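Hi everyone, thanks for coming. Please have a look at the model on the screen, and then I'll walk you through a few places in it.

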Amino acid sequence: MMRTKLHWLNGLLHLFLTFCLILAAITVFSQKGPFVESFERDDVLKKYIASEGSIISTSAKHYRYGKQALKWTWKGKDASISTSYFRLLEKGMQKFDYDFPTSPTFVFSVYSEKPQQGSAAIRFSTQGNDAAWFTFPLNFYGWRTLMVPFYEMEGHIPQKTAPVSFDSFKITATASSGTLLFDDVVFSQYVDDRMQSPDYLVPFIKKEVPAGSDHFMPGLYYDALARQLKPTTITAKEKKGLLEVEQKISKELLTGVDKYNYIRIVTDFIKLGIRESDDKRVVLGPPLTHRDDFFYHDVAQQGTQVQNSTKSLGEVMKTIARAYAIAPDNSDEKRNLENMFLLATRYFLDQGWQRGANGGSRSLIGYFTRELTEGCYLMKQPLAKAGLLNEVGGSLQWLNNLGKMLGPDNSFRVDLDFLNTQAYGCLLISLLSDSRDLQATWLHAYSNYISVVLGQQDKPEAYKPDGTAWHHRGHYPAYAYGSFASVPRILSTLSGTSFKIGETGHKNFKKAFLAAIAYSHLYSWGFGNAGRHPLHSNSIDGLKNACLALAMSGNPEGSSKIDNELAAAYIRLWGAKDKINTDIFNKAGTSVQQPAPYVVFPYGATAVQRNNNWAAIIKGYSKYLWASEIYAANNRYGRYPANGTIQLLNGGGELSSGFSQDGWDWNRYPGATVIHLPLEKLESPRPLLKFSSGEVFTGAATLNGYGVFAMQLNEGPAKGPFTGQLKAKKSVFSFGEKLVCIGSDISAVDPAYPVQTNLFQLALSKTEAAVYTQRSGTVKDFPFEGKGGDWLIDQQGSGYHVLVGDVDLQKSKQRSFNGEYSVNKALKNRVKSEELPYTYGNFSAAWINHGISPKGASYQYIIYPFMAKADQVNFGQKIMADHSVQVLQADSIAHIVTYKPEKLTGYVLFNAKAFSGKDVLVKVSTPCMVILQQKETDKIAVSLVQPDLNFPVDKKNKNLFECISEPVLVTVNFNGRWKANAVGVKVQTSYANNQTAVTVECQHGFSQLLELEKN
């Protein structure tokens, strides 16, 4: 009877306690807990329920943001702590730059002073039932930050992007005892689904993603390859090569280091806030982050974001390492420098920057660890002596995915981001171990990887057959620049050793480097190819040392210690300021040649015409090649930079040539045909946009220094990103000192704003700078609006002879928007607080007005860039006397222009079916471009281009293209009987009905050159 009563009382007591706990949980939850908990107030412990044997407290020893963390120590089975005191962030509470999918994600930081047995689990429940959970092992030390999407957990998990709802949060442990610390717990925030990343603790994240496909962040697949690497025994030749490589690296990293400021170094180190614990077992300091924009932060809960960035830490560590290299041996300063560096290294590791830790998301880490890597390389010996070299080397291997270099060659993928931010660092990381055998094995793998990726042309990110450098599936010099600065260091370092880069990769990279020089003038590559960085110092001037290193690396074939082509380019661009190396190159037999008068880059929809000291950069876009890259906080008004633009550059660069972003009317790119919109309407409706057209006809042909560029402009359907349905057929014929510009079939449906073709828009250094016109005379007035007449001369001295079209001229103070400012208030603006959204500048501008909603409009004009003073004074007489050019046809079928002095005729054949020639060229099988030059009575030089790059559809993604041209056959019929002579061109001929049909295989948008000889 007594046992029954006790049993009944115990049951009642249990029910009562359970009721109290539920009531407490409901009461706590009703208090509207925080979105993020940082345990800054001791009373927060009252909100947590600890199991029997568990002790919770706040710790001021280890913490992330704020000044303390939650410490949980437990003994016994089924240990747990739980709370209902929290809230979940809703989607509208966070702003995102882009419209990528985002999903509710649990974010937290956990610390362990030493590796422990067992695992812990995070559980979310609703009304007492577990809804979603995951486990993680405790075999780690230091901080770990995890971002785990709820859709990646176990249990009743939601779909991607779906909201979640829970009323209880619980942490459990399987080990019988242990200690963990928790901080900065964000119970649910929306995170870009590209960013959450697996690591040793949460390997189940993105388990459905193919192994090795995400190269932006450390990957488990690559790490497994690295850990399985079996070193081979080093040879005597490899030992010698390793020493040479190490000597070159050290020489480069220590160039210019002849003194150091010890007091400044100590001061900068102290600012990092790094210190040892009292027992010397661990290193303490503020959070070490590389990007904090992934994590929700609440100042009220967590305090101000006091932190160190990996980049700033690396800068201090590199400075310490460089000073250590020249500090007097056995001096107190050298010992202190070593101790500071080792302490910083231990801090780096303790903060969770270890092999297998991903910090939630460490995207594009190469931007942030370059200096740290270089510092660690310089301090290899002290790190080895302290027993840290292999650990920090393993960390950097993991962070930089060094293991990807161990896969099969056909798995390698070139990427300009990697070549810019990580490639040189990976060379150093290959040597961060205490085993010579392992160093040599890694270095061979590294050399092979770099050799393969540099030689690739058929990937979405690659150096293409014409030398253009592709990133984001398009030609992108701004990204190529970083690779052009980095890769020559690699080639130079490994040259002359058994680890040198292979010939194919070296040769393809050299082609791309020389191409960058060819599409830039003198250093500027212009706004047309600027991507999302228009009018932002787009220049190769900073590649002086890279060009020198590449020239000194020898030619790809290995037959010369100096590459004469690159040496010649170096002398032309930078030789005047470097007599020593110029003399070396001259003694080696280098002869400087002026750049080609006309070059074509089909994979960039770009042509460059040069004459005297000027260049014209001509730019279009197509079905395969995007026009412009628009980002949420970059190039917001970049709709028109590739609409058949013509940028005239003198030798002084963009500013000297009249291009300035302050006050720039984003509608007025020179040469472009546009719908001239208010800037509020010009901005893209989307946060991220790389727009292309449905047209394949964009490209250029060249013959003997002359060229023809053409494009079929088509902004797309009304339901696309732009609704004006702007269309035009445009061409530019480049004949020596002049450019003949033709437009036909110009139309649009915008009911309110006019269609215009811009002649120029140039910044005025002085408001009284004169513009000369046939209609209005000498225009010094400011402001001014008027007509240009049949001809005009801009303040840069370039003349415009207008054959068809009515020209408007304006000199005014222009107000524009900063290109990084969004009028669309739904987008996040990144304009700095001291910057204004508006910019102002004084400009002159001229354009041909086609009216509102034109149909079949046209224009014709001739440009004479940067004329001599005498030609400017007598421009009216000059053009009246110039009968060198004749426009033979300018309609929807063809644009045909002849240049009489060279007996040369350029054909842009838009409509092959409708074209019927009356002279030598009579028929073509498909739209194409042809240049004919009468060399002798019985000989004709021919250049033929099929501008359709003919990219096949991507097999894996039908919305994309494989980014390499496939061959296409073009047949051209000529009057009479001809024999076709060609070198390196696949050609067939047949004769019938007094016509010779010449069939040519075209590919890559290249000019196919042949000679017709009377037969």
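Let's begin in the loop between strand E7 (119-126) and strand E8 (129-137), where Gln 127 is found. Before I go on, a word on the source: this is a predicted model, in which local features need pLDDT of at least 70 and side-chain atom pairs count only at pLDDT 80 or more, while totals for chains, interfaces and linings use all residues. Residues are numbered from 1 along each chain as its sequence is written, and side-chain values use heavy atoms, with hydrogens and water left out. When I say helix (H or I, at least four residues) or strand (E, at least two), I mean a DSSP run, numbered from the N terminus.

Gln 127 is not a glycine, and still its phi is positive, about 55°. Most residues other than glycine have a negative phi, and most peptide bonds are trans. Is Gln 127 buried or exposed? Its relative accessible area is 69%, so Gln 127 is exposed; the cut-offs are under 20% for buried, over 50% for exposed, and partly exposed in between, with a 1.4 Å probe and protein chains only.

There is another positive phi to show you. Asn 704 has a phi near 50°, and it lies in the loop between strand E26 (698-703) and strand E27 (706-714). Asn 704 is exposed too, with a relative accessible area of 52%.

For a cis peptide bond, please go to Phe 782 and Pro 783: the bond joining them has an omega of about 0°. Pro 783 sits in the loop between strand E32 (777-779) and E33.

That brings us to the sheets. Strands of a sheet pair through backbone hydrogen bonds, either parallel or antiparallel. Here, two strands pair if DSSP finds at least two bridges between them. E33 belongs to an open sheet of five strands with antiparallel pairing, in the order E24-E30-E37-E36-E33. Which strands stand at its edges? They are E24 (673-675) and E33 (784-787); each has a single partner strand, so one side of each is left without a neighbour in the sheet. From one strand to the next, the twist averages 45°; angles here run from 0 to 180 degrees between N-to-C directions, and axes are lines fitted to C-alpha atoms, for helices over the stretch in contact.

Inside this sheet, E30 (residues 754-763) and E37 (residues 838-852) run antiparallel and are joined by nine bridges. Gln 756 stands opposite Asn 849 in E37.

Now for an open sheet of nine strands, also with antiparallel pairing: E26-E27-E28-E29-E38-E35-E34-E31-E32. Its edge strands are E26 and E32, each pairing on one side only. Neighbouring strands in this sheet are turned by 15° against each other on average, direction ignored. At the E32 end, strand E31 (residues 771-773) pairs with E32 in the antiparallel sense over three bridges, and Thr 773 has Gly 777 of E32 as its bridge partner.

One more pair of strands: E39 (residues 885-890) and E40 (residues 894-899) form a hairpin with three residues between them. They pair in the antiparallel sense over five bridges, with Val 885 opposite Tyr 899 in E40.

Let's finish with helices. How many residues of helix H8 (residues 370-378) are buried? Eight of its nine, so H8 is mostly covered; among the buried ones are Leu 372, Cys 376 and Tyr 377.

Helix H14 (residues 477-494) packs with helix H16 (residues 544-552) at an angle of about 30°, with their axes 8 Å apart. The two are therefore roughly parallel to each other; that label covers angles under 35 degrees, with over 145 called roughly antiparallel, 65 to 115 roughly perpendicular and the rest oblique. In this contact (heavy atoms within 4.5 Å), H14 brings Phe 484, Ala 485, Pro 488, Leu 491 and Ser 492, and H16 brings Ala 546, Ala 549 and Leu 550.

The axes of H14 and helix H15 (residues 503-518) come within 11 Å and cross at roughly 140°. That makes H14 oblique to H15. Among the residues making this contact are Phe 484 and Val 487 of H14, and Phe 509 and Phe 513 of H15.

That's my tour, thank you!
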